[in-house]
Amino acid sequence: MQNFEDSPLRIGAYEFHSRLIVGTGKYPSMEAMQAAHAASGAEMVTVAIRRVNLGEKGGSLLDYIDRSKMTILPNTAGCFNAREAVATAQLARELLETDLIKLEVIGDTQTLHPDTRETLLAAEQLVSDGFTVLPYIGDDPVACAQLEALGCAAVMPLAAPIGSGLGICNPYTIRIIKERAGVPVIVDAGVGTASDAAVAMELGVDALLMNTGIAAAQNPVAMAEAMALATRAGRLAFLSGRMEKRLYANASSPMQGLIGAPSA
Amino acid sequence: MKVEINGEKRELPAAEATLAEVLAALEIEARGVAIACNDRVVRRSEYARHRIAEGDRIEIVRAVAGG
């Protein structure tokens with residue numbers, strides 16, 4: 001059921017056919033994560049960077065990601081200023097041999113809203129250091145335009161707080177961001193269920209990044225498939241150009257030739 | 001030699017003079033980690049040559065689950 005040929009999603013020098021980007025956090029098991037990744041059809045997956053626990057043995061997360069099918073997008077989650085984010089990005093580049101970085105600089109521990117000033121500072125340094133920068137940012141058209149002007153390869157506004165599953169809280173700002181952006185707009189954070197994914201894609205955004213919406217579902221594998229279908233459905237509906245909304249009814253069947261009507 | 005590894009103060013024996021030797025002593029595979037020494041990333045190809053100095057701050061990181 002893949003009749004319509006969509007254009008690929010281009011982020012910097014990278015090209016993707018799936019418009020769904022998934023995470024690796026909060027899954028009940030590594031096996032559930034792997035199955036959900038497969039069901040999602042995603043071609044890019046986020047990972048975090050943390051200190052090794054000295055003296056602790058264990059497998060690597062990377063053993064559960066098929067890098068022939070999935071591009072790894074390391075993040076700077078947990079960073080609270082530009083200095084930490086840049087240092088994390090540099091370590092991620094060495095570790096994963098990628099110039100891709102999801103720039104995340106948190107400004108508030110309860111809402112996990114980004115620190116816009118520090119995000120802009122880090123973005124500038126990372127772009128000049130040759131990174132392909134995908135910044136997580138508020139649904140702020142001005143901040144998004146500034147990040148684009150600094151050379152970010154995409155902008156990733158939140159639709160609702162990270163891990164909240166509240167859906168697309170302000171569709172108007174997301175739409176304004178998309179209408180003005182010259183780089184891909186990826187809704188990052190807030191998608192809780194399939195209809196949220198469809199709503200976001202119908203607004204015209206280029207892709208979705210989600211973690212908790214899939215990982216915290218009772219059945220992450222089924223939800224991953226639901227998100228894949230909804231992402232594609234929303235994308236197709238956007239490209240199709242929806243009908244205009246009307247206040248009153250407008251019959252779909254002809255009003256002529258009704259039985260029992262007096263003949264003309 | 002006194003150093004700090006991932007925020008922990010450690011006393012390194014004389015046999016651990018390079019990053020490669022420190023990793024081996026910690027039983028950490030170089031393939032799965034990245035290392036910064038005093039805030040500068042050290043390329044994996046340099047571990048065997050990179051000599052550790054008194055007071056160095058060493059960060060050893062890996063990929064973990066996240067969104």
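Which residue of chain B forms a salt bridge with E97(A)? I looked this up before anything else, keeping in mind that the model is predicted. The partner is R44(B), and the closest N and O atoms of the pair are 3.9 Å apart. I then placed the two residues: E97(A) sits in the loop between α2 (82-96) and β6 of chain A, and R44(B) in the loop between β4 and β5 of chain B, so the pair crosses between chains.

Is E97(A) buried or exposed? I noted a relative accessibility of 65% for E97(A), so this residue counts as exposed. R44(B) has a relative accessible area of 23% and is partly exposed.

**Entry: the interface**

I next went through the contact between the chains. Chain B gives 27 residues to the contact and chain A gives 26. About 2,300 Å² is buried between chain B and chain A, and carbon and sulfur atoms account for 57% of that area. I asked which three residues of chain B supply more of its buried area than any other three. They are R62(B), A63(B) and G67(B), with 27% of the area that chain B buries against chain A.

I counted three salt bridges across the interface of chain B and chain A. One of them joins the side chains of E94(A) and R43(B), at 2.6 Å from N to O. For polar contacts, I wrote down 14 residue pairs between chain B and chain A, with both residues at pLDDT 80 or more.

I then listed the elements of chain B that give two or more residues to the side touching chain A: β2 (8-11), β3 (34-37), β4 (40-42) and β5 (57-65). The largest share of that side comes from β5(B), with seven residues. By class, the side of chain B that touches chain A holds 14 nonpolar, five polar and eight charged residues.

**Entry: strands**

I followed β5(B) further. This strand pairs with β4 (residues 44-51) of chain A in the antiparallel sense, over five bridges. Within that pairing I looked up R50(A), whose bridge partner in β5(B) is R62(B). R62(B) is also among the three residues named above for buried area.

In chain A I found an open sheet of three strands, in the order β6-β7-β8, with parallel pairing. Why is one side of β6 and of β8 left without a neighbour in the sheet? Both β6 (100-103) and β8 (156-157) of chain A stand at the edges and have a single partner strand each, so one side of each has no neighbour there. β6(A) pairs with β7 (residues 132-137) of chain A over four bridges, in the parallel sense. I noted L100(A) opposite T132(A) of β7(A).

**Entry: salt bridges within chain A**

One is between the side chains of R235(A) and D6(A), at 2.8 Å from N to O. R235(A) belongs to helix α8 (residues 220-240) of chain A and D6(A) to the segment before β1 (9-11) of chain A, so the pair ties together parts that are 229 residues apart in sequence. I checked accessibility as well, and both R235(A) and D6(A) are buried.

K102(A) and E104(A) form another salt bridge, with the closest N and O atoms 3.3 Å apart. Both K102(A) and E104(A) are buried. Last, I looked for salt bridges that share partners, and such bridges join D6(A), R19(A) and R235(A) into one network.

Technical notes:
Residues numbered from 1 in each chain as written. Chains lettered and ligands numbered in written order. Predicted model: local features only at pLDDT ≥ 70, side-chain atom pairs only at ≥ 80, totals over all residues. Heavy atoms only, no water. Contact = heavy atoms within 4.5 Å. Buried area = accessible area lost by both parts, 1.4 Å probe. Salt bridge = Lys/Arg side-chain N within 4 Å of Asp/Glu carboxyl O. Polar contact = N/O pair within 3.5 Å; in protein donor to acceptor, adjacent residues only side chain to side chain. Nonpolar A, V, L, I, M, F, W, Y, C, P; charged D, E, K, R; others polar. Pairing = 2+ DSSP bridges. Buried < 20%, exposed > 50% of the residue type's maximum accessible area, 1.4 Å probe, protein only.
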